[in-house]
Amino acid sequence: MLQMFLRRLFLGAITVAIVSMIIFAGVEILPGDACTAFLEREAQGRVLENCREELDLNRPAVVRYLDWASDALRGDLGVSANGQRSIAEMVGARLQNSLLLAACALIVGVPTAIFLGVVSGLWRDRPVDLILSTGAIFAMTIPEFVSATVLILVFSVWLGWLPGIVLTSANAPASEFFPEIILPVVVLAMVMTAHILRTVRSSVIEVMNSDYVQMATLKGVPYWRIVFRHALPNALLPAINVVALTIAWLLGGVVVIEVVFNYPGLGRMMIDAISDRDLPVVQAIALIVATVYVGVNLTADLLTMVANPRLRTLYTRK
Amino acid sequence: MSLASIPQNSRLGRTLSVLRDVMSRPSGAVGLCLVVFHLILAVISPYIAPFDYRTMNAAMMLTGPDGVHFLGTDHLGRDVFSRTIQGGREAILVTGIATPIAVAWGGLVGIFFGLIGGRVDEVMMRFVDAFLSLPWILKMLVLIVTFGTGIEVLIPTLAFFYGIPVIRIARAATHDVVARDFVAAARARGHSRMTIMRKELLPNVLDALMVEGAMRWSWMLLAFSSLSFLGFGVSPPTPDWGLMIADARGFMSFAPWGVLGPVIALSTLIIGINLTADALAKALGIDRAQKAPV
């Protein structure tokens, strides 16, 4: 078990290392560097040379990569190209805001999704299930900016119940984001719920059809006892992985939602950085998001392993 | 799907029977109709549009729907109906070319690594994982900001990035097949890797790839319209749903019709593709309920 755990951890670390190489190499390969982006038209001759000298861009890429990576390991993400501000400082507040948004969406979305998924799995092919399953397809396939626009139109413009845009500044405390945060959370939670619901539904159906549930039924165990004691603990296991993938998506893919609602999170900062060609900031954000993605998936794998004894041996044997 | 109902040795026959199966499911019938409707509309819309999508009219800005302008006019006095029915052309063209390319290259690479397996395969998968852990929008935007937003950039970019997850699907599907006896038999007969890939593996992985292709198409459309919405996709004045929604959002409080047209058009197309993919997966017997939201 411990060996499994260490192996997973090691693989995760390798993935993060490869990601950092891809990010660095990607930025290297693209035409232009921090200096050409910063100096723009004046980027030629002596000035360019001086700037490159100052930022140490003339050293070989491998050396700069190692420098960057070891700094990042110590939590120092460097300075931005134009603002000359510490990136760690810039990212901090934004990351907190994005985490707040993600946490709210999770708190709303996961219980709803599990409840609705179980309901639609237990009443498979009944009207409830058809409504929920169709609704899920709608919620997960319609682009976020479309559902966000529709929600703003209905709840903000027509009904006037909720603010349709976030005006709070990036460094404000979490409490000030209410009630502005409600609509973005609803949009996020909707997409998330749809994905988790579908997984829970299919695994509930699978487990309810399994031999051991049939056995329990034949033994005369009451229906709801079967559902809660025998079926659900097993049926909810696959949900862990989907929740993990949704968390990862929450942190990376909310970019569009943050732009729609003008929410001061990491995603909007990323768009701004890309538009400004502020490469150090882009690199840093990419690294953070990728690390969170790998970390969350790793946690989910380990949780699944801990929760399901069968998987432990299965993995070891393999 | 019962094998007995399939006419002997006919790819066309199998295609037809799968199609019949898809059409026999309510979701498949509705989905396929929506997709076909949008495809036809994309082809004929320039000929049936009542107005030129570029014609501006300063006297008719943000007017409501009436008999002449079915969906009103936008902030430049352009006919929203004409723009809406043509708003999918660019998106369908770009994603329609990029999807087959993505599925083809991702599928071949996936089958190849699934076949050779071993350490090379392990290392490759680490790279694929690493690539997938970066948000799509970051990868796409960096390339687009550097190289521009034309079709000639969007198609290869989409085809490249959306082919990477296909590698995983194809590899997993290959792993299920590669241990079977008929592959061992082909190896024993001394067939080359290429022959095994083409004759033994591809036909068995094709079903999974088809479903994956349908899903990729809808995700690509989503990505494409999101990029347009953010201002990194189609450049004005070309009509595009994402761009139209972005433009009309500012006037939503007093001219909501500008948003509704493209919202409905884009949603129906994407839902149509997904319903079709769902029905296709069921018809081919592939479970995609546990598919990751990547």
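## Helix α1 of chain A

In this predicted model, helix α1(A), which covers residues 2-29, has 28 residues and reaches 40 Å from its first C-alpha to its last, close to the 40 Å expected at 1.5 Å a residue, where the expected span is 1.5 Å times one less than the number of residues. Helices here are DSSP runs of H or I with at least four residues, numbered from the N terminus. Residues are numbered from 1 along each chain as its sequence is written, chains are lettered from A in the order in which they are written, local features need pLDDT of at least 70, side-chain atom pairs count only at pLDDT 80 or more, and totals for chains, interfaces and linings use all residues.

The buried residues of α1(A) are A:T15, A:I18, A:V19, A:S20, A:I23 and A:F24; a residue is buried if 20 or more other C-beta atoms, placed from the backbone, lie within 10 Å of its own. Their cover includes α4 (61-73) and α14 of chain A, together with α5 of chain B.

A:Y293 lies in helix α14 of chain A, residues 279-307, and counts as buried because it has 26 C-beta neighbours inside 10 Å. A:Y293 and A:T246 are 47 residues apart in sequence and 9.7 Å apart in space, C-alpha to C-alpha.

## The contact between the chains

The contact takes 43 residues from chain A and 37 residues from chain B, two residues being in contact if their C-beta atoms, placed from the backbone, lie within 7 Å. On the side of chain B that touches chain A, α5, α6, α9, α10 and α11 of chain B each supply at least two residues, and the largest share, eight residues, comes from α11(B). By class, this side has 25 nonpolar, nine polar and three charged residues; Ala, Val, Leu, Ile, Met, Phe, Trp, Tyr, Cys and Pro count as nonpolar, Asp, Glu, Lys and Arg as charged, and the others, Gly among them, as polar.

## Helix packing in chain B

α9(B) and α11(B) pack at an angle of about 165°, with their axes 9 Å apart. That angle makes α9(B) roughly antiparallel to α11(B), a term used for angles over 145 degrees. The residues making the contact include B:W217 and B:L221 of α9(B) and B:I273 and B:L280 of α11(B); by class, the contact has 15 nonpolar, four polar and one charged residues.

α4(B), residues 89-116, packs with α9(B) at an angle of about 145°, with the axes 7 Å apart, and the contact has 18 nonpolar, five polar and three charged residues.

Technical notes
Axes fitted to C-alpha atoms, helices over the stretch in contact; angles between N-to-C directions. Parallel < 35°, antiparallel > 145°, perpendicular 65-115°, else oblique. Buried ≥ 20, exposed ≤ 12 C-beta atoms within 10 Å, placed from the backbone.
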